[in-house]
Amino acid sequence: MIKPVVREDEFLAEVAAARGDTENLHLWWLGQSGFLVQWQNHHLLLDPYLSDSLTAKYANTEKAHVRMTERVIAPERLDFIDVVTSSHNHTDHLDRETLVPLLKANPNMELVVPEANREFVADRLGLVLEQPRGLDFRKCHTLGGFTIHGFPAAHNVLERDDWGRYRHLGYIIQAGPWTLYHSGDTKLFDEMESGLKEWPIDVALLPINGDRPERGVAGNLSGAEAARLAKEIGARMVIPCHFEMFEFNTASPDEFIGTCEKIGQPYRVLRCGEGWSTTELK
């Protein structure tokens, strides 16, 4: 079992210490596609998965979700969250056992989801329909110190509901002078690069576990694809995610690292629980 760099009390102490730097954006990788983002004492959680719900659900099945990395923090201890996102309805991005404790610990927390999924989300979490904030492509919400824009994601295809709204989204987040792109789960699709080039992206958070149909789950960018996408859209930094959580659905970051170095794309591979800030941008 992989141990996070810091966890529980040490993690909370590190987050608290970073609050003194109000000029830079800070983030921590929580495993899978989950990140905590801090900007001027505001806190945004991106797609957190902080439980063992999938391991329990798929125990003794052909699709066992054997956890590779220990949990960084219990969700109920994150009692300072302003906004949380879910990019789509898969449990590692919309986890009741993570989100319900978070909502209890943060009664005023905003929840941002694809508008196409809002009814599903409300039902899964036991919320009134009006509570989740729905987003779609070219729509945005300004909440808790962050402006969050919806951007399509293909997992594995660009799926829409009967009203043409995307069921899978990435999020482009503006925090003061900083712009962050969290792709959610996605593969490459037409006009993805041109659409993202409209934004001055400082850091891109991209999955690297690839697409292997024998896993029996929808796929993502490979390490090489993530590196090249970051280069094409002009990201000043790319950080990989969606690996080292479940044994059946992971990948080594070696291909990602090798491609970034070959094409000259700045990158940083975080360990679970590790932080990064815009002080590292050149």
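Which strands do the buried residues of H1 pack against? They pack against S1 (26-31), S2 (34-39) and S3 (42-46). Keep in mind that what you are looking at is a predicted model.

Let's start with the helix itself. H1 covers residues 8-18, and its buried residues are Glu8, Phe11, Leu12, Val15 and Ala18. If you look down the axis of H1, these buried residues fall within an arc of 125 degrees, so they line one face of the helix. Here is the general idea: an α-helix has 3.6 residues a turn, so residues three or four places apart point the same way.

Now turn to the other side of H1, where Asp9, Glu10 and Ala17 are exposed.

## The sheet

Next comes the sheet. Seven strands make up an open sheet with mixed pairing, and their order is S6-S5-S4-S3-S2-S1-S13. At the edges sit S6 and S13 (275-277), each of which pairs on one side only. From one strand to the next, the twist averages 20 degrees. H1 packs on this sheet and touches S1, S2, S3 and S13, with its direction at about 160 degrees to that of S1.

Take a look at S5 (residues 110-114) too. S5 and S6 pair in the parallel sense, over three bridges. Val113 has Gly134 in S6 as its bridge partner. Another helix, H4 (residues 118-125), lies across S5 and S6 and runs at about 135 degrees to S5.

## The nonpolar core

The largest nonpolar core contains 81 residues, and Phe11, Leu27 and Leu78 have the most contacts inside it.

What does Leu78 touch, leaving aside its neighbours within four places in sequence? Its contacts include Phe11 and Leu12, along with Leu45, Leu50, Ile73, Leu102, Ala105 and Asn106.

Arg138 is not a glycine, yet it has a positive phi of about 65 degrees. You'll find Arg138 in the loop between S6 (133-135) and S7 (140-143). His242 is another non-glycine residue with a positive phi, near 60 degrees, and it lies in the loop between S12 (237-241) and H7 (254-263).

Are these residues buried or exposed? Arg138 is exposed, with a relative accessible area of 59%, whereas His242 is buried, at 2%.

Finally, a cis peptide bond joins His155 and Asn156, with omega at about -5 degrees. Asn156 sits in the loop between S8 (146-152) and S9 (169-175).

Key: Residues are numbered from 1 along each chain as its sequence is written. This is a predicted model: local features need pLDDT of at least 70, side-chain atom pairs count only at pLDDT 80 or more; totals for chains, interfaces and linings use all residues. Side-chain values use heavy atoms; hydrogens and water are left out. A nonpolar core is a set of buried Ala, Val, Leu, Ile, Met, Phe, Trp, Tyr and Cys residues joined through side-chain atoms within 4.5 Å. Buried means under 20% relative accessible area, exposed over 50%, partly exposed in between (1.4 Å probe, protein chains only). Contact means heavy atoms within 4.5 Å. Helices (H or I, at least four residues) and strands (E, at least two) are DSSP runs, numbered from the N terminus. The arc is that of the directions from the helix axis to the C-beta atoms. Two strands pair if DSSP finds at least two bridges between them. Axes are lines fitted to C-alpha atoms, for helices over the stretch in contact, and angles run from 0 to 180 degrees between N-to-C directions.
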